[in-house]
Protein chains: 2
Amino acid sequence: MIKVIELKRTVTDSNDRDAECLRCELTERGIFLLNLMSAPGSGKTTLLSRTITDLVGKARIGVMEADIASDVDALRINALGAESIQVHTDGMCHMDAGMTRNGLMGLEGDLDIVFLENIGNLICPAEFDTGAHRNMMILSLPEGDDKPLKYPLMFQKCDALIITKMDTAPYFDFDLEATKERVRALNPAISIFPLSAKTGMGMNEWENWLLTEWEKQKNA
Amino acid sequence: MIKVIELKRTVTDSNDRDAECLRCELTERGIFLLNLMSAPGSGKTTLLSRTITDLVGKARIGVMEADIASDVDALRINALGAESIQVHTDGMCHMDAGMTRNGLMGLEGDLDIVFLENIGNLICPAEFDTGAHRNMMILSLPEGDDKPLKYPLMFQKCDALIITKMDTAPYFDFDLEATKERVRALNPAISIFPLSAKTGMGMNEWENWLLTEWEKQKNA
C-alpha cells in the first residue's frame with residue numbers, strides 16, 4: 001500500500017526564504033536532497049530505480065514522487081524495498097519549498113539521500129526553489145537536441161544534466177556534441193552525464209558524481 | 001527571417017469568454033484552428049511538417065509556434081514554404097485565448113487550417129481554452145504508456161490523441177492497447193491515431209480525420 005499525501009498550495013509570499021530554511025534543516029538532519037526535473041516520460045523513475053539498486057550498502061536513498069495523479073512511480077520505487085512517498089499536487093504544475101517540506105514528512109527511517117521527483121514539466125519547476133541541495137535535469141535522447149534552445153531557464157538552474165535512453169541513439173537523430181555545446185553556452189559549470197539506465201552504460205559516472213556531491217555536502 | 005511576436009500575459013479575468021469570441025470570429029473568417037498540446041520533444045513539428053507536405057493542394061495550412069525561447073520550429077515550417085509565426089510567451093507555460101489572438105495577427109495570407117503548437121507541457125495548457133475549434137494531444141511512444149494515469153486532465157480535454165514515433169516501438173516497452181484503454185477510460189469519445197511521421201505509417205488516418213473535422217466545421 002503506497003502512502004499518498006495530497007498537497008495544497010502553501011500560503012507564503014517568500015518561497016525563497018522557506019527554501020533556505022528547509023535546506024538548512026535538512027543539512028542539520030544529514031539528509032542530502034536532490035530535485036529532479038524533466039519533461040514527462042524522460043525516464044526519471046527508471047534512472048532512480050537503477051541508482052538505488054546500484055548504491056545499496058553505500059547510501060540509504062528515499063524518493064518523493066510528485067505527480068498530479070496516480071501512484072505508479074512510488075509503487076515502482078517501493079517494489080525495490082526503498083523508502084518512497086507519493087505526493088499529489090492538487091493540479092499544480094510544480095513543487096515549492098512548503099510542499100516539499102510537507103511531502104518529506106511522509107518519508108520514514110534514516111535516510112542519507114532523498115530525491116524529489118518533481119512534476120514532469122520543463123517550465124514551471126525551474127522557477128521554484130524547493131529547498132534541495134542540488135538541482136538536476138533529465139533530458140531523454142528521444143526528446144531531441146533542440147531542448148536547450150527552447151527551455152533555457154531549466155538548463156541554467158541545474159547543477160547536473162543527465163541524458164537518458166542513450167541506448168536508443170541509433171534510432172533517432174540526436175547530436176550529443178551539439179547538445180553539450182548548447183547546454184554549456186547556457187551554463188558552463190553544469191555536469192553532463194549521458195547514460196542508459198537500461199544497459200548500465202554511463203551509470204558509474206553519474207553515481208560517482210552523486211556520492212562526491214553528497215560527501216561535499218556532509219563536509220560543507 | 002522568421003517573424004517573432006513577444007507576447008505578454010493578457011489582462012482578463014474571463015479567458016473562457018475571450019476564447020468563445022475568438023472561436024466565433026475564426027469561424028466567420030473560415031479558419032479552422034487546432035490546438036496541439038504535448039510534452040517537450042513529442043514530435044509536433046515533425047508531424048506538422050509531414051501533414052503540410054501531404055495536404056498541399058487540399059488545404060492552406062498555417063502554424064503558430066509558441067515557445068518560451070528560440071525560433072527553430074518556425075524556421076522548420078517556414079522552410080516548407082508554409083505560413084508560420086513564432087510567438088514567445090514571456091516565460092509563461094501555456095497559451096490563453098488573448099495570447100492566441102495576438103499571435104494569429106502575425107499570420108498572413110488566406111489560410112484554411114491553422115495549428116497552434118502550444119508550449120511543450122502536459123499540465124498548464126490543458127487548463128486554458130485557446131479559442132481553438134479542436135484540441136489535440138500528441139504522446140510520443142518513448143514517453144511511455146503510463147501518461148494517461150499521470151496527466152488525466154490533458155487526455156480528458158482533447159478531441160484527438162496522436163501517438164507519434166510508432167516506428168521506434170521495437171526499442172521501447174510500450175503497450176499500445178493498454179494506452180488506448182487508459183485513454184478511453186478518461187475520454188470515451190477521443191479519436192486515437194498511432195502513426196510515424198518518419199515512415200508515413202498511419203498518416204492517412206490522421207489526415208482524413210483532420211479534413212473531415214474541417215469539413216464539419218465549415219458546415220457547422
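1. Helix α4 (residues 97–104) of chain A is largely enclosed by the rest of the structure, because six of its eight residues are buried; buried means under 20% relative accessible area, with over 50% exposed and partly exposed in between, for a 1.4 Å probe and protein chains only. The buried residues of α4(A) are A:Ala97, A:Gly98, A:Met99, A:Thr100, A:Gly103 and A:Leu104. Helices (H or I, at least four residues) and strands (E, at least two) are DSSP runs, numbered from the N terminus. At the N-terminal end, α4(A) is capped by A:Asp96, a side-chain oxygen of which lies 3.2 Å from the backbone nitrogen of A:Gly98.

2. On provenance, this is a predicted model in which local features need pLDDT of at least 70 and side-chain atom pairs count only at pLDDT 80 or more, while totals for chains, interfaces and linings use all residues. Residues are numbered from 1 along each chain as its sequence is written, chains are lettered from A and ligands numbered from 1 in the order in which they are written, and side-chain values use heavy atoms, leaving out hydrogens and water.

3. Leaving aside neighbours within four places in sequence, A:Met137 is in contact (heavy atoms within 4.5 Å) with residues including A:Met37, A:Leu122, A:Met154 and A:Leu161.

4. Between the chains, 31 residues of chain A are in contact with 31 residues of chain B. Chain A and chain B bury about 2500 Å² between them, 63% of it on carbon and sulfur atoms, where buried area is the accessible area (1.4 Å probe) that two parts lose on being put together, summed over both. A:Pro40, A:Lys150 and A:Tyr171 supply 24% of the area that chain A buries against chain B, more than any other three residues.

5. Rings of Phe, Tyr and Trp (its six-membered ring) pair if their centres lie within 6.5 Å, with planes under 30 degrees apart counted as stacked, over 60 as edge-to-face and the rest as tilted; the count by this rule is eight aromatic pairs over all chains. One of them, A:Phe172 with B:Phe172, is edge-to-face, at 6.3 Å centre to centre and 70° between the planes. Each partner lies in the loop between β7 (160–164) and α7 (176–186) of its own chain, so the pair joins two chains. Both A:Phe172 and B:Phe172 are buried.

Note on methods
A polar contact is a pair of N or O atoms within 3.5 Å; within protein, one must be able to donate a hydrogen and the other to accept it, and residues adjacent in sequence count only if both atoms are side-chain atoms.
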